[in-house]
Amino acid sequence: MTVKTVDLLVVGAGPAGLAAALEAKRHGLTPLVIDENPLPGGQIYRSVSASPLADPALLGEDYLYGRTLVQAFDDADIAYWPRTLVWQIGQDRRVFATREGAGTWQIDAQAIVLAGGAMERPFPIPGWTLPGVMGVGAAQTLLKSAALAPQHGAVLAGCGPLHYLFAWQLLRAGVPVRAILDTTQRTARRDALRHLGGAFRAPGYLAKGIKLLRAIRAAGVEHMTDVEALRVLGSAGGDRAEAIEYRVAGADGAPKRIDTPLILLHQGVVPNTQITRSIGCEHVWHDAQLCWVPRTDAWGESSVPRIFVAGDGGGIAGARAAEPSGRLAALQAAHALGRIDTSRRDSAAFSLRRDLARHTAIRPFLDAYYRPSDAMRRPADDDTVVCRCEEVTAGDVRRMAALGCVGPNQTKSFSRCGMGPCQGRLCGLTVAELLAQAQGRAVADVGYYRIRAPLKPVMLGDLAMAVPAPTQPAERQEFPR
C-alpha cells in the first residue's frame, strides 16, 4: 500500500469539487481531487469534455457551461485521480482508496472537502424492480456519456424538474417521448405559491422551466398531472415491464394503462450521505427536502473538524449553487491551515455568499412544488419491494415495526434489509419513513442505518493491502480505523 500526504483532499469531481480545488490552489494549498468516474464533471456535467452530444441545441446551455469549469480545472494543473474509489475515511482524515491499475492507497489529508453530490430518491412502487424500469437520472447519464437513447418512446413518471429537462433533451435529440405522468400534488403546487417571491429573485430558473414546458407541449407529448396509484405491470412471464398503470386524482373509472417497454421513474434527488455517515458526522432531518443532511456551519464544515461538505451532498441546491459552496469550503480550509488570515478569507467570501444566495433563492419554491407525496414514498401495498438487494417488502418492514424494532439498524438485524451491496442507499429513506408511519413517530427520531467501511464493494486483495504486513509471523493486525 502506498501512502500519500496532501494539504487538501477533494472527494468528487463535480462542480463543487472542481470549484473547491481551484479556490484551494488560489490560496496556496496543494489539492488532490479523486473521483470514481473517468472524466471530471460529476453527474450534472458528466462527460461534458467528451460527450458525443455536447451541443447546446441538444443538451442545453446549462450542460455546456460545465465545459468552462472543467477547462479551468484542466488548465490549473491540479493533481487529479480519476477511476479512484474511496472506501473508508476516518475522523483523523486518513483515507483509503483504490486506484484503477495502481492498487490501494492511504491518503493522509490535513483537510477534506467531500463533494459526493446527490442520488435519486428511492421510488418504491409495485413493479419498480422489473427489467425495463430505470431512473431518469440513469437514462440521462447514458444520453450524456454515450449518446444512448430509448429506441421506443419511454414513459416518464414521478415528479421533479429533471423530468421536463430530460424530456426536452430527448425531443431535441429526435427521440419521441410516449408520455409524462406527473405525480405532483395539487396541495404541493398551492403551498409553493408562498415561495414565489423568492423564486423570482433566482436568475432565470422559472423562465427555463416555462421554456421546457412549452417545448414539450408543442411536441404533442401526452402530459398527465395529478397522477397517483402508479403500478408497473409485468409481462406474462414476469420477466420484464410491459405497461404502467395509474389513476388521476379526483377522476372516476378504472385505472388507465399505457403499454411501454421502458418506464423511467424519478421523484427528485437527495444528498448522498453514506460517506459522511461512515465518518461519524452529525446529521439532521431536513423536512422541506424530506431527507437527511450533514450538520454543517456557514463554511460547510461538518461536526468533524476540517472535514467539509460542499454541493448537493450537504443539501440539494443545484449545480450553480455547488460552485460557491465548494469555494467557501476551500477558503475555510485554507484559513484553518494557516494559509490566509481572517480578513482575506472574509473578503473573498463576500461575493461567494451573494452568488450562493442568488442560486438558492429558488429552492424553497422547488422543494414545496415538487414535494413527493406520502403515498409515493411509503408504499401502501405490502408486497412492494423496498430493499432491492435483499428483496425485503414494505409488509416485512411493517411487521418489524409491529415487533417493536425502534429503527433501521434493528430492522436490518431482523430482516437483512439494507445489508446488500448498496448498503441501504436505495432503501434507507423508505425504511425510516415506513417505521415512523407504523409507530406514529417522527422520522428524525427513527434515525438511519449505521454505515461501515467499505463504503462500496471492494476486492478482497485491496482490503488486504490496507493492513500493514506483520513484522513477525502470525502477529494479529487490526483493520485500520
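Reader: In the hairpin formed by S12 and S13, which residue in the turn has a positive phi?

Author: The model is a predicted one. Strand S12 spans residues 227-234 and strand S13 residues 241-248, and they pair in the antiparallel sense. The hairpin leaves 6 residues between the two strands, and the turn residue with a positive phi, of about 70°, is Gly 238.

Reader: How many bridges join S13 to strand S14?

Author: S13 pairs with S12 over 6 bridges. S13 also runs antiparallel to strand S14, residues 256-259. The number of bridges joining S13 to S14 is 4.

Reader: Which residue of S14 is the bridge partner of Ala 243?

Author: Ala 243 belongs to S13, where this residue is the bridge partner of Leu 233. Ala 243 also has a bridge partner in S14. That partner in S14 is Asp 259.

Reader: Which elements give two or more residues to the lining of the largest cavity?

Author: The structure holds 3 cavities of 30 Å³ or more, and about 110 Å³ of space lies in the largest. Its lining includes Val 270, Pro 271, Cys 291 and Trp 292. Strand S16 covers residues 269-271, and strand S18 covers residues 291-294. The elements that give two or more residues to this lining are S16 and S18.

Reader: Which residue is the charged one in the lining of the largest cavity?

Author: By class, this lining has 7 nonpolar, 3 polar and 1 charged residues. Asp, Glu, Lys and Arg count as charged. Among the lining residues are Met 119, Asn 272, Thr 273, Gln 274, Leu 429, Tyr 448 and an arginine, Arg 425. The charged residue is therefore Arg 425.

Reader: Which helix gives the largest share of the lining of the second largest cavity?

Author: The second largest cavity has a volume of about 50 Å³. Leu 429, Thr 430 and Glu 433 are among its lining residues, together with Arg 121, Pro 122, Pro 124, Gln 267 and Arg 377. By class, the lining divides into 3 nonpolar, 2 polar and 3 charged residues. The largest share, 3 residues, comes from the helix spanning residues 428-439, H15.

Reader: How many residues in the lining of the second largest pocket are charged?

Author: The lining holds 14 nonpolar residues. A further 10 are polar, a class in which Gly is counted. The number of charged residues is 2.

Reader: Over the face of which residue does Arg 320 lie?

Author: A charge of this kind also occurs at Lys 208, whose charged end sits over the ring of Tyr 205, 5.3 Å from its centre. Arg 320 lies at 4.0 Å from the centre of its ring. The residue whose face Arg 320 covers is Tyr 65.

Reader: Which residues do ring pairs link into a cluster?

Author: The structure holds 8 aromatic pairs. Ring pairs link one phenylalanine and two tyrosines into a cluster. The linked residues are Phe 365, Tyr 369 and Tyr 370.

Reader: Where is the proline of the cis peptide bond found?

Author: Most peptide bonds are trans. The bond from Ala 453 to Pro 454 is cis, with omega near 0°. The UniProt annotation "domain: SoxA A3", from an unreviewed entry, covers residues 386-464. Pro 454 is found in the loop between helix H16 (443-446) and helix H17 (460-465).

Reader: What is the phi of Ala 147 near?

Author: Most residues other than glycine have a negative phi. Ala 147 is placed in the loop between helix H3 (136-146) and strand S9 (154-159). Its phi is positive, near 60°.

Definitions and conventions: Residues numbered from 1 in each chain as written. Predicted model: local features only at pLDDT ≥ 70, side-chain atom pairs only at ≥ 80, totals over all residues. Heavy atoms only, no water. UniProt positions renumbered as here; feature names shortened; annotations may be inferred. Phe/Tyr/Trp six-rings, centres within 6.5 Å; stacked < 30°, edge-to-face > 60°. Lys NZ or Arg CZ within 6 Å of the ring centre and 35° of its normal. Pairing = 2+ DSSP bridges. 1 Å grid on protein atoms, 1.4 Å probe; cavity = no way out; pocket = protein on both sides within 12 Å on 5 of 7 lines; lining within 4 Å. Points joined across faces, edges and corners; volume = space filled by probe spheres on them.
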